Amino acid sequence: MDYCRSVLAVAGANFRRLKRDARVWFIFVFTALLIHYYLRPVINYGIDTGTKAPIYIMELLFCSATISVKAPKILFYIGMLCLLCDAPFFYPLKPYIIMRSKRTAWCVGECIYIVGMALLYAAFILIVSSLMILPIGTMRDSFSGALTDMVLGTGKMPLGEIANIYPSAQFSSEMIRYLYPSGAMMYTFVSVWVSFSILGLFMYWVSLIRRNVVCGMAIAGALVFLDPILVWAAWPNNYWILAFSPVSWTSVEQLNILAANHFISISFVIAADALLVIFLFILIFQTAKRISLNGFLTEEA
């Protein structure tokens with residue numbers, strides 16, 4: 001019980017700091033504005049034509065694109081990295097917390113904080129996107145309506161005209177045609193949560209081992225921006241390279257249930273996510289046991 005209390009105390013101390021951190025509030029507000037910006041064309045089209053869209057909309061925000069600006073998910077990943085940009089979360093009171101909790105509890109508590117922040121940010125995107133679409137939202141578990149029109153066009157308004165009047169992010173026509181919104185959203189939410197956690201844990205480990213908060217941010221950011229490049233290089237028959245990017249695993253249209261020549265499957269994502277999380281936990285645990293904290297003490301001073 002004492003060990004569990006120590007772990008929760010470390011994680012709780014990190015969460016309590018967020019209330020006074022203007023950076024965190026700015027990231028959440030900016031994320032909400034991004035969601036509104038990317039969903040506004042869908043909302044405007046639905047209002048103008050009287051069509052509906054399902055409230056299970058998060059998966060549309062994590063579609064892949066070869067240009068970062070057209071892939072809102074890249075901006076969300078940057079937001080997640082900015083939330084954890086102060087890793088390894090070393091502040092003036094941290095030495096006393098480590099001495100009282102011991103290094104093992106400190107290490108586990110930090111990892112729980114990272115996973116918890118990933119869950120909080122993913123849940124925020126899910127909830128805000130569902131609330132944003134409410135003006136044209138419906139509980140019906142089908143993409144038919146505004147989204148189908150914007151992807152496939154209508155008899156009265158061809159696809160090119162719709163794209164000119166209501167420019168939006170790139171949506172997958174295969175996902176709109178063949179999947180249920182609720183299932184696609186559930187897969188996206190869980191995979192985004194785990195992917196956020198993997199990048200956060202990796203950034204924490206690099207910052208811890210290099211004793212430099214910038215190194216972890218830079219390397220994790222490079223992995224995020226690698227995703228559009230891999231999506232471009234994967235077409236038309238090299239989709240196996242997307243297996244090297246956890247960021248790509250969150251895009252439903254990259255799954256092989258929608259295209260026979262795609263490599264990534266749900267079972268692959270589950271296995272790879274589990275192995276990466278366990279592997280990163282072990283790396284962080286082993287590093288935290290051996291590393292000296294003097295470098296961080298000097299930085300903070």
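In this predicted model, helix 10 (residues 266–290) has 25 residues and spans 37 Å from its first C-alpha to its last, close to the 36 Å expected at 1.5 Å a residue. Its buried residues are V269, A272, D273, V277, L280, I284, T287 and A288.

The loop between helix 9 (213–234) and helix 10 contains S248. S248 is buried, with a relative accessible area of 0%. Apart from neighbours within four places in sequence, S248 contacts K73, D227, V231, L242 and Q254.

Helix 2 (residues 22–49) and helix 3 (residues 72–83) have axes that come within 10 Å and cross at roughly 175°. Helix 2 is therefore roughly antiparallel to helix 3. On the helix 2 side the contact involves R23, V24, I27, F28, T31, L34, I35 and Y38, and on the helix 3 side P72, L75, F76, G79, C82 and L83. By class, this contact has eleven nonpolar, two polar and one charged residues.

Twelve aromatic pairs are found in the whole structure. Two of them are listed here.

| Pair | Centre to centre | Angle between planes | Class |
|---|---|---|---|
| Y121 and F196 | 5.6 Å | 35° | tilted |
| F263 and F268 | 5.6 Å | 70° | edge-to-face |

Y121 lies in helix 4 (residues 94–132) and F196 in helix 8 (residues 181–210), 75 residues apart, so that pair links distant parts of the chain. Y121 is buried at 0% relative accessible area, and F196 is buried at 0% relative accessibility. In the other pair, F263 is partly exposed at 41% and F268 is partly exposed at 25%. Ring pairs also link F28, Y77, Y121, F124 and F196 into a cluster.

How values were computed: Residues numbered from 1 in each chain as written. Predicted model: local features only at pLDDT ≥ 70, side-chain atom pairs only at ≥ 80, totals over all residues. Heavy atoms only, no water. Axes fitted to C-alpha atoms, helices over the stretch in contact; angles between N-to-C directions. Helix = DSSP H or I, 4+ residues; strand = E, 2+ residues; numbered from the N terminus. Parallel < 35°, antiparallel > 145°, perpendicular 65-115°, else oblique. Contact = heavy atoms within 4.5 Å. Nonpolar A, V, L, I, M, F, W, Y, C, P; charged D, E, K, R; others polar. Expected span 1.5 Å × (residues − 1). Buried < 20%, exposed > 50% of the residue type's maximum accessible area, 1.4 Å probe, protein only. Phe/Tyr/Trp six-rings, centres within 6.5 Å; stacked < 30°, edge-to-face > 60°.
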